[in-house]
Amino acid sequence: MKVLAKKSLPQILLFSVALLGVAGCSTTEEKSQSVTYSETEKSPVEKGMENQPEVSYWFPEELLEWEFAEDPDAKYNVSHFPLAKRVEKSKLPKSNETQNDEMKVVALSIMNSSTSGNSPRGLNTFDANVFSNWQYIDQLVYWGGSSGEGIIVPPSADVIDAAHKNGVPVLGTVFFPQTAHGGKIEWLDTFLEKDANGHFPIVDKLIEVSQVYGFDGWFINQETDTKVTSFDDVAAEKEQTNVADAEEGLSKKHADLMQELIAEFKTKSEDQEIMWYDSMTGEGEMDWQNALTDKNKAYFVDTEMNPLADSMFLNFWWTTDKLADQELLKSSRDKAKEVGRSPYDLYAGIDVQENGYMTPVKWDLFTNESGVPYTSLGLYVPSWTYTSANNPDEFQEKESMFWVNGKGDSRQGSLPENNEWPGISTFAVEQTAVTNIPFTTNFNLGNGYNYFIEGEKVSSRNWHNRSLQDIMPTYRWQFDHGKGNELVVLMDYADAYNGGNSMKLRGTMQKETPSLLKLYSTQFTLENDITISTTAKATSETELKLVLGFEDGATKKLAANRKIGTDWTTVTFDTKSVTGKVVTSISYELQTSEDVAGYDFHLGQLAVRGEQAKTKLAVSGVSIEDAVFDEEESNYAGVRFVWEEVTSEDFSHYEIYRVNEDDTRSFLGATPINNFYVNGLERDGDDNQTIFEVVPVDQYDVRGKASNQVTLEWPDNRVPKANFTASRTLIAPGETVTFQNLSSTNTEEITWEFKGADIETSKEDAPAVTYSKAGVYSVKLTATNKSGETPLEMEQLITVTDKAKGELTLLSQDVSVEASSFVNDGEAPKFAVDGKLDTKWCAVGAAPHSITLDLGTVRTVSEVHIDHAEAGGEGAGMNSKAYTIEVSEDGQEFTQVTRVLTNDQASTVDTFAAGPIRFVRLTLDKPTQEADSAARIYEIGVYGLETPSID
């Protein structure tokens with residue numbers, strides 16, 4: 001981020017805000033100061049730095065040891081948004097005749113692409129699953145967990161925040177994988193252990209996590225220990241033997257304990273929910289029922305028919321041809337009634353992960369002849385709309401098709417024909433949490449390529465933070481157009497009023513011909529002091545009317561106090577004539593005074609507010625909790641900030657700023673909670689200090705008193721750092737070594753010194769040097785700039801001997817090898833030295849992971865070749881990022897010879913000074929490029945000479 005103080009005013013964004021203290025006026029008598037914002041430039045660092053707060057994930061033994069106060073990331077994972085109250089479903093209007101107010105919808109959604117490596121409230125990247133069709137779901141399960149990362153996964157704070165604003169409860173995931181996917185019966189045993197008093201310690205931990213983090217319960221998916229993964233596999237297994245007999249370890253004891261655990265959980269925390277997945281039966285068999293049956297009802301009701309789990313997610317195969325004639329959902333409805341439970345506490349699972357709305361579903365098995373669902377609806381990975389989209393517009397298009405229908409208007413919903421996707425709005429009533437005042441929306445989805453404050457772009461830095469997502473419109477999109485008008489709705493990321501995007505209506509308008517757009521379902525009372533305002537702009541002057549629907553079925557059009565112009569225009573609507581009425585819908589009517597073919601209308605803000613508060617917000621106690629710098633040059637920092645919480649009811653969010661030398665402000669981000677992480681903060685030139693402040697913002701967009709300023713001290717990196725590599729360090733006389741300069745980017749000049757080579761010095765970046773005589777030689781590189789110089793001498797780096805003629809010998813083929821851990825016998829350590837790229841060593845759990853090769857006897861070793869994940873056919877994101885190579889003669893005392901911090905290659909060659917070595921240890925400090933903490937090494941090759949020395 002560079003200060004733009006020397007640029008002209010159009011390049012520097014100016015606007016007045018009510019900042020107090022350092023950034024504004026301290027009394028009402030003083031004039032408001034004009035604050036200059038230096039537009040924050042895009043950061044070249046997008047991946048989280050080493051101190052990035054991380055969303056939690058655990059294996060059972062880790063959770064049992066976890067303590068909130070001892071976890072430095074824990075406070076960043078707390079949601080401060082209580083679950084908003086929704087309007088009772090039976091009181092909501094139905095958009096079409098097929099919507100059912102008893103049926104519910106749950107989404108098991110991948111909100112973050114992996115279990116590990118996720119920031120609680122986003123980073124300086126745009127890419128994020130900003131799901132916003134909350135009106136169609138009753139619960140969200142934060143789907144996660146893997147044998148390589150952790151199997152108990154609470155939802156990230158930003159997902160809780162966004163869901164709770166919309167009145168949607170969120171469940172974390174407890175996922176016991178199949179053994180084929182790395183699952184271990186030991187994890188299940190630990191989870192189900194009792195203490196001396198007969199209680200389950202894990203229950204207290206599950207409740208503690210959900211309460212302190214602020215979410216609503218757990219989804220339990222127990223699929224360990226099974227070797228069958230599909231309908232056909234189950235059928236084949238049953239033909240040969242009982243499934244339970246085919247599975248080592250799993251037993252009825254596990255099933256009984258799980259039922260006891262659920263009962264204890266519900267006894268201790270009635271307001272926390274448990275959703276059970278139809279997998280393990282009451283007898284401890286892994287046998288998906290795809291229905292509520294006598295085999296799995298033990299998790300739904302106890303032996304006395306009292307409710308146990310709050311709900312059950314039924315497996316997906318009820319819609320397959322092989323099971324269609326069993327009408328499993330109909331029988332599930334009947335079984336639920338038989339045991340005294342609502343059939344709508346059962347969720348008929350549909351797996352849409354691969355094909356989304358192209359998934360064939362036998363909808364006639366989901367509903368009766370009249371279109372009434374037998375059960376509720378369970379959607380497995382509807383985040384397909386995000387992962388399959390190539391850009392934000394396509395994402396929104398797929399969201400509309402999936403959640404609404406192919407016509408993009410829930411009023412046109414109808415029961416599906418054959419197996420076609422009808423859109424969830426066909427069955428689900430649009431729900432609303434717009435029940436309290438104030439209500440303000442800037443139509444923010446929670447990510448952006450830019451950030452705007454009151455219409456001005458203050459940052460061009462990519463960002464995502466779903467905690468900042470507003471309640472988006474209930475209806476997508478219900479237009480009633482006058483003749484000749486035609487508008488579509490797009491999300492505009494290039495222009496916004498507050499935040500990252502605005503709603504853009506684009507199309508054709510005819511002169512003095514109105515178009516009506518219905519946006520929100522609501523339920524609030526218009527009191528005397530309520531003001532409704534809208535901020536918008538249009539390519540042609542537009543007359544805007546607010547259309548309110550009321551509890552008694554009447555509607556009222558309210559004219560704006562002025563027309564919408566080509567710049568952001570805030571208009572108000574006089575609500576005196578409807579004071580005391582209960583508003584149940586908000587719509588807009590707009591018309592132009594001329595024909596417009598390429599018409600754009602931007603909606604920036606809708607605000608329903610009471611009388612503006614007179615209190616002034618203030619932030620205190622800001623401190624830098626932690627800061628780390630990139631290890632290579634200290635030009636980028638990751639900074640954790642904390643401060644005292646503002647507790648006013650009028651509070652909205654905090655804004656975090658960098659204070660520049662010319663007293664301008666660079667916007668770094670916003671958050672609703674009293675901590676913040678800045679990722680990839682760029683050093684400004686040679687500055688060794690950066691100053692920050694935090695500003696509170698209230699519900700009326702008024703900025704309060706800026707906090708105390710805090711200062712970050714940067715490491716002094718003015719003097720360059722020298723570094724280099726050699727293509728080979730063990731050679732025969734007459735052979736050539738190519739060196740590569742890797743010195744810091746602030747290096748202005750380099751000087752090589754080669755002892756015993758055909759050239760003694762060089763200024764080149766990659767000199768090729770020949771050694772004619774046998775011996776051991778040092779190499780020196782000096783990096784220089786105006787601030788000084790740094791020499792790096794690697795003593796006895798190059799060994800020249802007749803014994804090194806030709807290719808070096810592979811010394812590690814099929815040697816003895818041990819590792820810190822491995823997933824299963826099929827991915828054991830021995831596969832890292834078998835000479836094949838279709839096998840691998842895979843270790844799971846938290847990093848670091850290590851693997852040690854025993855060459856059998858002392859040899860002369862000078863380089864190690866590693867084939868990472870991509871070399872074996874996996875994605876580049878799975879390549880090891882940071883690793884260390886150590887060597888030893890005796891297996892007790894190890895010496896580090898290589899430390900790599902930023903690898904992204906599929907295959908690497910690391911050279912070092914040749915020496916007598918028997919043991920080689922590879923430690924993966926960061927096993928992948930981003931999040932997954934599992935190690936994936938397809939091959940390790942240790943090269944050198946068979947002899948223990950070159951003498």
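Colleague: In this predicted model, how far apart are the end C-alpha atoms of helix 7, and what span should its 17 residues give?

Modeller: Helix 7 covers residues 252-268. The expected span counts 1.5 Å for one less than the number of residues, so the 17 residues should span 24 Å. The end C-alpha atoms agree with this, being apart by 24 Å.

Colleague: Which elements cover the buried residues of helix 7?

Modeller: The buried residues of helix 7 include His254, Leu257, Met258, Leu261, Ile262 and Phe265. Glu264 and Lys266 are also buried. The cover over these buried residues includes helix 3 (185-191), helix 4 (201-213), strand 7 (217-222) and strand 8 (273-277).

Colleague: How many residues of strand 22 are buried?

Modeller: Strand 22 runs over residues 542-550 and is mostly covered. Buried here means under 20% relative accessible area. Of the 9 residues in strand 22, the number buried is 7.

Colleague: Which residue is the bridge partner of Thr542 in strand 25?

Modeller: Strand 22 and strand 25 (residues 582-592) run antiparallel and are joined by 9 bridges. In strand 25, the partner of Thr542 is Thr592.

Colleague: Which residue takes a positive phi in the hairpin of strand 22 and strand 23?

Modeller: Strand 23 (residues 555-559) runs antiparallel to strand 22, with 5 bridges between them. Lys545 stands opposite Ala559 of strand 23. The hairpin has 4 residues between the strands. The residue with a positive phi, near 95°, is Gly553.

Colleague: Which strands give two or more residues to the lining of the largest cavity?

Modeller: A search of the whole structure finds 2 cavities of 30 Å³ or more, and the largest holds about 350 Å³ of space. Its lining has 27 residues, with Arg121, Gly122, Leu668, Phe676 and Tyr677 nearest the centre. The elements that give two or more residues to this lining are strand 16 (463-464), strand 30 (665-671) and strand 31 (675-682).

Colleague: What is the average pLDDT of the protein chain?

Modeller: In the chain, 94% of the residues score at least 70. The average pLDDT over the protein chain is 92.

Colleague: How many contacts beyond near neighbours in sequence does the model have for residues 1-33?

Modeller: Over residues 1-33 the pLDDT is below 50. Where pLDDT is low, the predicted coordinates should not be read in detail. With that caution, the number of such contacts for residues 1-33 is 79.

Colleague: And how many contacts beyond four places in sequence does the model have for residues 237-247?

Modeller: The pLDDT stays under 50 over residues 237-247. For this stretch the number of contacts beyond four places in sequence is 14.

Technical notes:
Residues are numbered from 1 along each chain as its sequence is written. This is a predicted model: local features need pLDDT of at least 70, side-chain atom pairs count only at pLDDT 80 or more; totals for chains, interfaces and linings use all residues. Side-chain values use heavy atoms; hydrogens and water are left out. pLDDT is the predictor's confidence in each residue, from 0 to 100. Contact means heavy atoms within 4.5 Å. Buried means under 20% relative accessible area, exposed over 50%, partly exposed in between (1.4 Å probe, protein chains only). Two strands pair if DSSP finds at least two bridges between them. On a 1 Å grid over the protein atoms alone, a cavity is a set of points where a 1.4 Å probe fits but cannot get out, and a pocket is an open set with protein on both sides within 12 Å along at least five of seven lines; lining residues have an atom within 4 Å of a point. Grid points are joined across faces, edges and corners, and a volume is the space filled by probe spheres set on the points.
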